[in-house]
Amino acid sequence: MRKAGARGLLAMLRERWDRPLFFSLACASLVALGLILFFIFREAAPVLREIGLGGFFGRVWNPAGEPVSYGALPMIVGSALVTLAALLVAVPLGFAAAAFIAEVAPRWMKDVAKSVLELLAGVPSVIYGFFGLMIVAPALQNAFNLATGRTALTASVILAIMALPTIASLAEDALTAVPNAYREASMALGATRWQTIRNVTFPAAFSGLIGASILGMGRAVGETMAVLMVAGNAPQIVASLLKPVRTLTGAIALEMGETALGSTHYHALFALGVVLLVITLATNGAAEWFRGRLARKHGR
Amino acid sequence: MVAEATATARVRSLDATRAWLERNLHSTSILDVERFSFYYGKEQALRDVTLGIPLDGVTAIMGPSGCGKSTLLRAFNRMNELYPATRAEGTIRFLGQDLLKADPVAVRRHIGMVFQRPNPFPKSIFDNVAFGPRVHGERGRARLAELVEESLRRAALWDEVKDHLKKSALSLSGGQQQRLCIARALAVRPSVLLMDEPCSALDPKATDRIEATTRELAQELTVVIVTHNLQQAGRISDHVAVLLAGGVLAEFGPTKAVFADPSCDQVADYLCGRFG
Amino acid sequence: MIREITAETEKRQRAAQRVAFALLAMSTLSAFLALGAILYTMFANGAEAISWQFLTEFPRKLMTEGGIYPALVGSFYLTAGALFLALPFAIASAIWLSEYSRGGLWVRVIRVGVNSLAGVPSIVFGLLGLAFFVKVLGFGVSVVSGALTLALLILPILIRAGEEALQAVPMSFREGALALGATQWHAVRTVVLPSAIPGILTGAILGISRAIGETAPIMFTAAAFYMSRLPETLSDKVMALPYHIFVMATESPNYWKTRDLQFGAALALLGMVLLMNLGAVVWRARVRRRKQW
C-alpha cells in the first residue's frame with residue numbers, strides 16, 4: 001500500500017484501469033464487424049423499396065439497359081459455379097497434401113511444405129489474377145479453341161490454386177489433432193500406414209476436414225481481384241464452364257466505380273454485398289462449428 | 001521374413017508351437033532378446049538387455065518409472081519407431097527370426113498390443129473388433145461376425161455388449177473399453193499379446209476382471225505385461241523381469257523365486273520399497 | 001481360422017500404400033508447382049523491366065513508359081497508415097484475450113467477432129470504407145479512407161498473431177512475477193510483453209504483407225488510376241501498386257507496349273510480399289527454436 005502511495009495517484013489509476021481499458025480496446029473488432037453489418041445493410045436497404053425482393057432475385061442484370069434490371073441471379077449462379085468447380089479440384093488435392101504433410105512426410109519435408117503453403121497463401125490476389133490473365137487464360141483459350149480465355153473455367157483454375165493452401169493447412173491441423181492413440185492402436189493391429197490413414201485418421205478427423213472445405217469455400221466465394229480479372233464478367237446465367245461469368249464480387253468491383261453514390265444501382269451493388277456477407281458469415285460459422293466439434297470430440 | 005514360422009505358430013496350438021520351438025530351435029522362448037539397446041535421440045533408454053520371453057504363461061516387466069520397461073515392450077512390436085530419432089542395437093528374435101530386420105507391419109500382425117489407456121476407435125463396438133481382420137483382407141460378413149463374437153468372448157465382454165454391437169465404443173465404461181481393446185487385438189489372432197500397464201487407468205473392480213481375463217488368455221497365447229504394481233505382478237505373472245534406472249535388466253526369473261529371493265540389493269530395495 | 005495373410009496380400013497392400021503415398025506426394029507437389037510457376041513467370045518476364053529508374057520514376061505517356069514510383073510510395077503510405085492504426089488495438093485485444101479475460105461470454109463473443117471479421121471478403125471491407133469513411137465521415141477517396149479500411153482488414157490477423165505470441169509465453173513467467181507481488185499490468189508490461197515481442201512483430205510483418213497486396217478494399221476508398229504527383233495531404237487520392245497492376249492489366253490501351261511494365265510491377269509486388277512472408281516464416285522458426293522454455 002505504502003509503495004503504491006509513493007508512486008502516486010497516476011500509477012494507481014493506471015493499475016486499476018488496465019482491465020477495463022484493454023477490454024474496451026478488445027471490442028474494436030466487434031465494433032468493426034458492427035460497422036460492416038450496419039452500413040452494408042443500411043446501404044442495401046433501399047433495394048427493397050426501389051426494386052423489391054422479387055426483382056432483386058431476378059434473372060437479368062442490366063443496370064444500363066432499357067428497361068433497367070437488377071436481377072442478381074446471374075452473379076449468384078456465377079459465384080456458385082466458379083466456387084464449386086474450384087473446390088472440386090482444391091478439396092481432394094488439399095486433403096491429399098494435408099495427409100502427406102501430417103502423416104507421411106519426414107520432419108524436414110513437412111516444414112518445407114508448410115512454408116510453401118504459407119507463401120502460396122500470401123501471394124496477393126491481384127498477382128493470381130495477373131498470372132491467370134497472362135498465362136492460364138491464353139492457354140485455356142488455345143486448348144479449347146475459345147473466343148476468349150476469360151471464362152468460368154479460368155476463374156475456377158485460379159481459385160483452386162488460391163483455395164489449396166487454405167484447405168490443405170486447415171486439413172493438416174485437423175489430421176494433427178487426431179490423438180496418436182488411434183494411430184498406435186491401428187498400427188499395433190498390423191495395419192499399414194496407408195490403411196491407418198484411410199480407415200482411422202481420416203474418419204476421426206472428418207468434421208475438421210469438412211470445416212476446412214467450408215472455410216475454403218467461403219474464401220473462394222469472397223475472392224475478388226483474381227476472379228474479376230479472369231472470369232470474363234458477362235452477367236449471364238450459363239451452363240458451361242467455358243463461358244464468361246460475372247460473380248458477386250466481380251460485379252461490385254467492376255461497377256461500383258462507375259455508379260453514382262446513392263443511385264439505385266449503388267444500392268443494388270450493396271445488396272450484392274449483403275448476399276456475399278451472409279454467405280461468408282454463414283460458411284465461417286459452419287466451419288467453426290465443425291472444427292470445434294472435432295476438438296470437443298477428442299476432448300481438447 | 002517371419003512368415004513361415006509364424007504361419008505355423010498361428011494355426012497351431014501352444015503345444016504345437018512348443019514342439020516346433022524345441023525341434024527347430026531347442027528353446028522354450030518365443031522372443032529372444034540379445035544385447036538389446038535402445039536410444040531416443042542421444043538418450044539411452046535400454047542398455048544391453050538380454051532375456052528370453054518364455055512361450056508359456058505371463059511374463060511381467062517391472063521397474064521404477066523411466067526405467068525403459070515400456071520401451072522394451074514396444075520393441076517387441078516395433079512401435080517405438082513410429083517416432084523420429086529412435087535407434088535400436090542388438091537383436092530380438094521371434095520364433096528364431098530377426099524381428100528388427102522384418103517388416104514392422106508383418107510383425108504387428110503376429111504380436112498384438114493393449115495400451116495403457118483404453119484407446120478404442122471412435123467407431124462401433126463391432127467395427128472396432130473387426131478392424132484388424134478387415135485391414136488384413138477379411139471381407140466376409142459371416143466370417144467377421146464369427147470372429148467378433150469369438151474375440152469378445154475371449155475378452156469376457158461378449159455378454160455385456162452382444163445386444164448393442166452397433167453402439168459407439170466410446171459409450172462403454174473404461175474397463176469395458178479396455179476389454180474391447182483386448183478383443184480387438186485378439187481378433188487378429190496374434191501369437192503374443194503385449195500389455196502396457198493395461199490397468200493403470202482403471203478402478204480395482206475393472207482391474208480384477210482384466211487380470212482374470214489375462215490369466216485365461218495365457219492358456220492360449222504368450223502374454224507379456226508391463227506393470228508398476230508389484231501385487232499385480234505377483235498375482236498374474238509366471239516370470240518377471242525387473243529393469244532398473246538407466247534401462248539395465250537387473251533380474252529375470254520365475255516370479256516366485258524373484259520375489260522370495262532377489263539376487264541383488266537394488267532389486268530387493270525396489271521390491272521392499274514398494275511393499276513398504 | 002482367420003484367413004491367412006498370404007505373401008500376395010501383403011505384397012498387394014504394400015503396393016497400394018506405395019501408389020497412395022505417391023499420389024499424396026504429387027498432390028503436395030502441386031502446391032510447389034503452382035508457386036514455382038507463378039514465381040518463374042514473374043521473374044522470367046518481369047526481371048528485365050526492374051531497374052532503379054523503374055522503381056523511382058513516374059509513369060509517362062499514358063502509363064506506357066516510365067516507372068512505378070508513385071504507386072510504391074502510395075502503397076507505403078496506405079500500409080504504414082493501416083499498421084499504425086490497427087496495431088495498438090490489436091495488441092490491446094490480444095493482451096485482454098490472453099492475459100485478462102477469464103473465459104466466459106465476452107471472450108466467446110469477441111472471438112466470434114475476430115473470426116467473423118477475418119472471414120469477411122475484402123471487397124466488403126471496400127464497401128464499408130465507401131459507405132462509412134468516404135461518404136458518412138466525409139473523408140472522400142483518400143489516403144485516410146484507404147488506410148482505415150485496410151486497418152480493419154488486418155485487425156484480425158494482428159490480433160491472432162499477437163494472441164499466439166502471448167500464449168507462447170510460459171505460465172511460469174507470469175506466476176514468477178505475480179508471486180513477487182507485481183500487479184497484473186506490471187507483470188504483463190515487464191515480463192510477458194517483452195517475451196512476446198518477436199512473435200508480435202512477425203504478426204505485424206504478415207499484416208503488412210497482406211495489406212500491401214490488397215486491391216479490393218482500396219478500389220473505391222483510396223486508389224487513383226494515375227497521379228502526376230505524390231499525395232501531399234492525407235485527403236489526397238493515391239496510386240497503389242496492386243491497383244496499378246490491375247488497371248494496367250485490364251485497361252491498358254496497348255498490351256504489347258506495356259507488357260514488360262506490367263510484369264515488372266507484378267514482380268515488384270510479388271517480390272516484396274514474398275520476401276516479407278519468407279522473412280516472417282524464417283524468423284518465427286528461429287525464434288521458436290531459440291527459446292526453449
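Begin by selecting chains A and C together, where 68 residues of chain A are in contact with 69 residues of chain C, two residues being in contact if their C-beta atoms, placed from the backbone, lie within 7 Å. Within that side of chain A, pick out helix α2 (residues 28-44), which gives the most to it, with 10 residues; helices here are DSSP runs (H or I, at least four residues), numbered from the N terminus. Colouring the side of chain A that touches chain C by class shows 48 nonpolar, 12 polar and eight charged residues, where Ala, Val, Leu, Ile, Met, Phe, Trp, Tyr, Cys and Pro count as nonpolar, Asp, Glu, Lys and Arg as charged, and the others, Gly among them, as polar.

This is a predicted model, in which local features need pLDDT of at least 70 and side-chain atom pairs count only at pLDDT 80 or more, while totals for chains, interfaces and linings use all residues. Residues are numbered from 1 along each chain as its sequence is written, and chains are lettered from A and ligands numbered from 1 in the order in which they are written.

Turn next to chain B, whose contact with chain A takes 21 residues from chain B and 16 residues from chain A. Select α9 (180-188) and α10 (193-204) of chain A, each of which supplies at least two residues of the side that touches chain B, with the largest share, six residues, coming from α9(A).

Finally, select helix α8 (residues 152-176) of chain A, where 23 of the 25 residues are buried, so the helix is largely enclosed by the rest of the structure; buried means that 20 or more other C-beta atoms lie within 10 Å of a residue's own.

Terms used. Buried ≥ 20, exposed ≤ 12 C-beta atoms within 10 Å, placed from the backbone.
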